[in-house]
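Read it beside the model shown here.

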Amino acid sequence: MSAPLPEQPYVVELREVTKVYRGGVRALRGVDLLVERGELVAIAGPSGSGKSTLLHLIGTLDRPTTGTVRIAGYDVAGLPDRELSALRARHLGFVFQQFHLAPGMSALDNVADGLLYTGTPLRTRRERAAAALERVGLGHRLGHRPHQMSGGEQQRVAVARAVAGDPPLLLADEPTGNLDSAAGAEVLGVLRDLHAAGTTIAVITHDPEIAEWCPRQVRVRDGRVVADPGAGAGRRPPGPNPKALEARAGVPGPAGRVPAREATGGAR
Amino acid sequence: MTRERLTPARLGPSDVLRTGAAGLRTRPARVLLSALGIAIGIATMIAVLGISSSSREQLMRQLDRLGTNLLTIAPGQTMFGEQAKLPVEALGMVRRIGPVRTASATGLVDTTIRRTDRIPKAVTGGIAVQAATSDLLATLEGKVVKGAWLNAATEARPAVVLGATAAQRLGIGRIGVQVWMGERWFTVVGILGPMPLAPEIERSALVGFPAAEKYLGFDGHPTTIYERSAEEAVEAVRAVLPRTVNPENPEEVTVSRPSDALAARAAAAGAFTNLLLGLGAVALLVGGVGVANTMVISVLERRKEIGLRRSLGATRGQVRLQFLAESLLLSALGGVAGAVLGGLATVGYALSRGWPPVVPAWAFAGAVGATLVIGTLAGLYPAMRAARLSPTVALAAT
């Protein structure tokens, strides 16, 4: 994977980024955000705050209207679609609220497909997929299909898929949004371990507990960053797992099993 | 920027196939139904081509077996429009032509054959009574299925050999039966097998030349001369026959080659297939539309998967390729199934008719080509749609 360049310590570098959607909705109104390597950052805000738009821009799935987005040192504005795709393949890992696992395929193949577009041969893909599943504690579930697994396990498979290629940046969009407390605790535990091992993680969430848990919280409201302790704050270890406490107390989490996706993209 | 240039990784052919097949595996019923459309089209075309080829092959083999070196000589018309006659010496003249190997003659006798004298004269059953030279059977390479052919003894006696059709029409299945010819009884001494090159013999009752002259008032003029020569000399012989047979009036002689009729049938065997082939093509087209329809629905249903793949780093081209591969696999599946079905139908039909089953290789090649073209055309538009989908829209799809 990419070697860190000394003059480029930021994995994510957003400067005066605005995003105006067709129809005139201003989702982002001038965002500056720097994320260093190894940080665990929560990007938190209510529905319609623009945090999903932020995720799409950081994930290079979309381009800013104005301003500069630099991911792993690459200026997104200057890259054609092909090169953006390659950037995503090699430098970014995504975890979605809805897991997005292929139903007919085993956990191993689902994770191995995460490396499909990196140019890795099939055998190596499978080996690294097995290693990644081991890492999220699912070494015993390699042959299971998604429907044979619990929600927490499915999301851990999705995390394994995202980190199988050791991307410098992992983006998690409401990773516990569809999970109960116990399953959410599993996933947060996996994220904590990945962070401890040095992966840069950005968690997009509207759940204040998860935001509190992260060592650095970037609060977004009405398309602006309203609070940010600053780059580097996210290097500290996270706090106690809020979902685990909840699960122990038997309190249903605020984000229990919600089948419908919560409208995080309300800005649009 | 000082960073390395980003180039998307190329997907190997096996990965393209795997991703294409992954989409099919999860929806087997739909895959089967849409592949069925292609299969029916291909099967129809293969079967139509196969059956007509088998029929042609059968005729060609028959032709090979019968030979194409047989010529028949018959009298034409005089310049006044009357029926001409071949000279009595005609047969001898033909036999004297160099390349001629054998020549025989039949002469139409103006009488009828009936089971008994009680049957009215008018009921002829369409059977001709003919005088035949004793080497006729050898010239025609025919076979006797019952009894014996005319020999030096029986050709002068009231003995008759029946053609296969004639025997059937008279209801005679054994020899030794008496039949009423002219004004007296004749004995059936033989029954002939089928004669594909001389069907008129099948419908004849044959007596020897001397017997015909003696008992039936035959005038000795042959009405058909059958002649076989070396294969390569057929055209040369054909050119000299009229003048040899009737030097005074060569224009009154008609020469024909019976095998030409078979060859024409072989050539015509493929003619009716164009319509059926067109039907197969329509079926194939409908199948292609079915595949396109399935692919469009598949793209609509799988927007999230497309979004996911884009987030995993798939380029637009790779998404397009995936859906194109899926469409190609789908129609190839139908094509293979159709080719197998068409082949089986051909073999089944040909065997039931006693033909050699033949499917031309180019028909299979054409089927493969047709399925590839259909698959590409059907998949192109859905694949473009999939590739054009914006990743954020695709991920937000419900």
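Helix H1 of chain B covers residues 13–25. At 1.5 Å a residue, its 13 residues should span 18 Å, and the end C-alpha atoms are 18 Å apart, so the two agree. The expected span is 1.5 Å times one less than the number of residues. Helices are DSSP runs of H or I with at least four residues, strands are runs of E with at least two, and both are numbered from the N terminus.

The model is predicted: local features need pLDDT of at least 70, side-chain atom pairs count only at pLDDT 80 or more, and totals for chains, interfaces and linings use all residues. Residues are numbered from 1 along each chain as its sequence is written, while chains are lettered from A and ligands numbered from 1 in the order in which they are written.

Which residues of H1(B) are buried? They are Asp15(B), Thr19(B), Gly20(B), Gly23(B) and Leu24(B). Buried means that 20 or more other C-beta atoms, placed from the backbone, lie within 10 Å of the residue's own. These buried residues pack against helices H2 (28–66), H10 (273–301) and H12 (316–353) of chain B.

**The sheet in chain A**

Four strands form an open sheet in the order S2-S1-S4-S5 (chain A), with antiparallel pairing. S2 (26–36) and S5 of chain A stand at the edges with a single partner strand each, so one side of each has no neighbour in the sheet. Strands pair if DSSP finds at least two bridges between them. S1 (residues 10–20) and S4 (residues 66–71) of chain A are joined by five bridges. S4(A) and S5 (residues 74–75) of chain A share two bridges, again antiparallel.

| Residue | Opposite residue | Strand of the opposite residue |
|---|---|---|
| Ile71(A) | Tyr74(A) | S5(A) |

The hairpin of S4(A) and S5(A) has two residues between the strands. There, Ala72(A) takes a positive phi near 50 degrees.

**Chain B as a whole**

Chain B holds 14 helices and 11 strands. Its radius of gyration is 35 Å, well over the 21 Å that the globule rule gives for 398 residues, so chain B is more spread out than a compact globule. That radius is taken over C-alpha atoms, and the rule is 2.2 Å times the number of residues to the power 0.38. The C-alpha trace of chain B spans about 115 × 45 × 35 Å along its principal axes. Buried residues make up 44% of the 398 residues in chain B.

Key
A residue is buried if 20 or more other C-beta atoms lie within 10 Å of its own, exposed if 12 or fewer, and partly exposed in between; C-beta atoms are placed from the backbone. Two residues are in contact if their C-beta atoms, placed from the backbone, lie within 7 Å.
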